[in-house]
Amino acid sequence: MIQALFGFLLALAADDRVKIDNDAVRVLNVIDQPHNPSALHRHEVNRVMIYLTAGDLTVRYRDGQVDEQHWKEGQVAWSPAGGLHISENVGAHPLHIIEVELKKPASKSPPRDPKLDPVAIDPQHNILLFENAQVRVFRSWREKAGTEMMHEHAGTGRVGVFLTDNNAVVKLADGSSSALPKVAAGDVSWSGPVTHATTNLGPGKLEMIVVEVF
């Protein structure tokens with residue numbers, strides 16, 4: 001009985017990490033405490049990892065391979081599905097990670113209008129980090145009171161991971177506009193394909209990681 005209750009409480013705690021869960025992605029907000037090795041596990045799907053804080057990880061695979069990882073604040077990485085392993089935060093501080101699990105297999109990249117591609121039309125504010133058959137990931141930022149060029153997000157949808165506290169207003173291609181809720185660094189969002197332009201209404205820089213899912 002006690003073991004069953006303990007397992008139930010652990011399941012509830014795990015659920016608290018899940019911020020988005022739909023047909024395309026599951027997004028987890030993970031705080032990895034120092035020197036607390038995980039259970040032996042594997043990741044069945046590919047992931048995009050956004051490291052909100054700097055830290056060091058040691059990953060030990062069941063076959064004996066050891067992977068020493070060193071992450072910088074704001075760094076983004078592609079993490080393919082892999083074998084059984086145990087991971088441990090070997091640093092002195094908690095490591096804060098946003099994990100984007102990709103539920104759909106690789107597919108063809110969606111068609112893009114080059115005149116509406118945010119990376120192509122405004123490379124100073126949209127920096128491509130990587131692209132493959134499942135996602136395109138880029139860093140996007142806007143200075144105080146700055147407004148984006150009208151652009152399109154193609155594919156199934158996109159995950160936004162905010163790196164700064166801020167608020168903004170979005171203007172759609174049809175001319176309508178709406179205010180976004182105020183966000184804090186580490187917040188995540190999901191939205192479908194859209195053509196829009198965002199104005200930064202916050203007191204400082206608005207910066208985020210955009211994960212476009214194909």
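Helices (H or I, at least four residues) and strands (E, at least two) are DSSP runs, numbered from the N terminus. By that count, the protein chain holds 2 helices and 17 strands. With a radius of gyration (taken over C-alpha atoms) of 19 Å, close to the 17 Å from the globule rule (2.2 Å times the number of residues to the power 0.38) for 214 residues, the chain is as compact as a globular protein of that length. This is a predicted model, in which local features need pLDDT of at least 70 and side-chain atom pairs count only at pLDDT 80 or more, while totals for chains, interfaces and linings use all residues. Residues are numbered from 1 along each chain as its sequence is written, and side-chain values use heavy atoms, with hydrogens and water left out.

The C-alpha trace spans about 60 × 35 × 35 Å along its principal axes. Of the 214 residues, 40% are buried, meaning under 20% relative accessible area with a 1.4 Å probe, protein chains only. As for contacts (heavy atoms within 4.5 Å), residues 24 or more positions apart supply 76% of those with a separation of 6 or more.

Now to strand β17, residues 206-213, where 8 of 8 residues are buried. Both faces are covered: L206, M208, V210 and E212 lie on one side, with E207, I209, V211 and V213 on the other. Strands count as paired if DSSP finds at least two bridges between them. β17 pairs with β10 (residues 135-142) in the antiparallel sense over 8 bridges, and S140 stands opposite M208. Strand β12 (residues 157-162) also runs antiparallel to β17, joined by 6 bridges; here V159 stands opposite V211.

Definitions and conventions
Buried < 20%, exposed > 50% of the residue type's maximum accessible area, 1.4 Å probe, protein only.
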